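Reader: I would like to go through this model with you. Could we begin with the sheet?

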Amino acid sequence: MVPPLALDIDGTLTTPSGRIDPRVFELLPGWDAPVVFATGKAFPYPVALAHFLGREETVIAENGGVAYVGGETTLVGDPDAAWAVVEAFRERGGAIGWGDGDTVNRWRETEVALGPDVDAGLLREVAAAAGDDVEIVDTGYAYHVKSVGVSKGRALRVVAEALGVDPAAFVAIGDSENDASTFGVAGESYAVANADAAARKPADEVVDDGYMNGTVSVLERLRERDE
């Protein structure tokens, strides 16, 4: 049998330009094991992806702040603490970075995401001054202000327990700092070639290809191993 999957989205199921790679719709609908979409994006995004793939909406969102499985939602994190850091950042002249109509944070429930071009040094300085309860995670696509201890890996344990699956049975694929915790929980982990150093280090293997090309190479290998 093919193994259950824990899949990041941005940089892992996408093209270099950030679009969902169409091969997602060829390879994942028929994957004969649970597939968990684990992303830094807000809750509706992975739910929509699972829905359009015709799969169970089993997702981890907001870097582990949200876990959804079997119709049950688990929220972890203090959004008020995150917003307090962001407001202090704004008072120091910082900007969230998304322009008008901030849909990035409109449906976010446990953290705040700022654009990749914001003043990261100032943001980290403000977060450090706020105490030890809030941290900054750089996914390469956004700077996430979130509660310490919230992670995709922790959420994967929650999802795996609800599914009745050993977390070590999962194969995880990702590309970013926020995937490192998932790699530590899953029994097998792969970083695609475009992965940052924080994801490369804990991965069992860094594949030769990047983005969806790298993910496809792993999925093909897993299918062949199942035959």
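This is a predicted model: local features need pLDDT of at least 70, side-chain atom pairs count only at pLDDT 80 or more; totals for chains, interfaces and linings use all residues.

Reader: Which residue is the bridge partner of Gly-174 in strand 10?

Author: Gly-174 has Ala-191 as its bridge partner there.

Reader: And in what order do the strands of the sheet run?

Author: The sheet is open and has 8 strands, in the order 5-4-3-2-1-9-10-11, with mixed pairing. Strand 5 (72-75) and strand 11 (205-206) are the edge strands, each pairing on one side only.

Reader: Which strands does helix 6 lie across?

Author: Helix 6 lies across strand 1, strand 2 (35-38), strand 3 (59-61), strand 4 (66-69) and strand 5. Its direction is at about 20° to that of strand 4.

Reader: Where is Lys-152 placed, and is Lys-152 buried or exposed?

Author: Lys-152 belongs to helix 6, which covers residues 152-163. Lys-152 counts as buried because its relative accessible area is 0%, and the cut-off is under 20%.

Reader: What does Lys-152 touch?

Author: Leaving aside residues up to four places away in sequence, its contacts include Asp-8, Thr-39, Asn-63, Asn-178, Asp-179 and Ser-181.

Reader: Where does Ile-20 lie, and what is its relative accessible area?

Author: Ile-20 is in the loop between strand 1 (5-7) and helix 1 (24-27). Its relative accessible area is 32%, so Ile-20 is partly exposed.

Notes
Residues are numbered from 1 along each chain as its sequence is written. Side-chain values use heavy atoms; hydrogens and water are left out. Helices (H or I, at least four residues) and strands (E, at least two) are DSSP runs, numbered from the N terminus. Buried means under 20% relative accessible area, exposed over 50%, partly exposed in between (1.4 Å probe, protein chains only). Contact means heavy atoms within 4.5 Å. Two strands pair if DSSP finds at least two bridges between them. Axes are lines fitted to C-alpha atoms, for helices over the stretch in contact, and angles run from 0 to 180 degrees between N-to-C directions.
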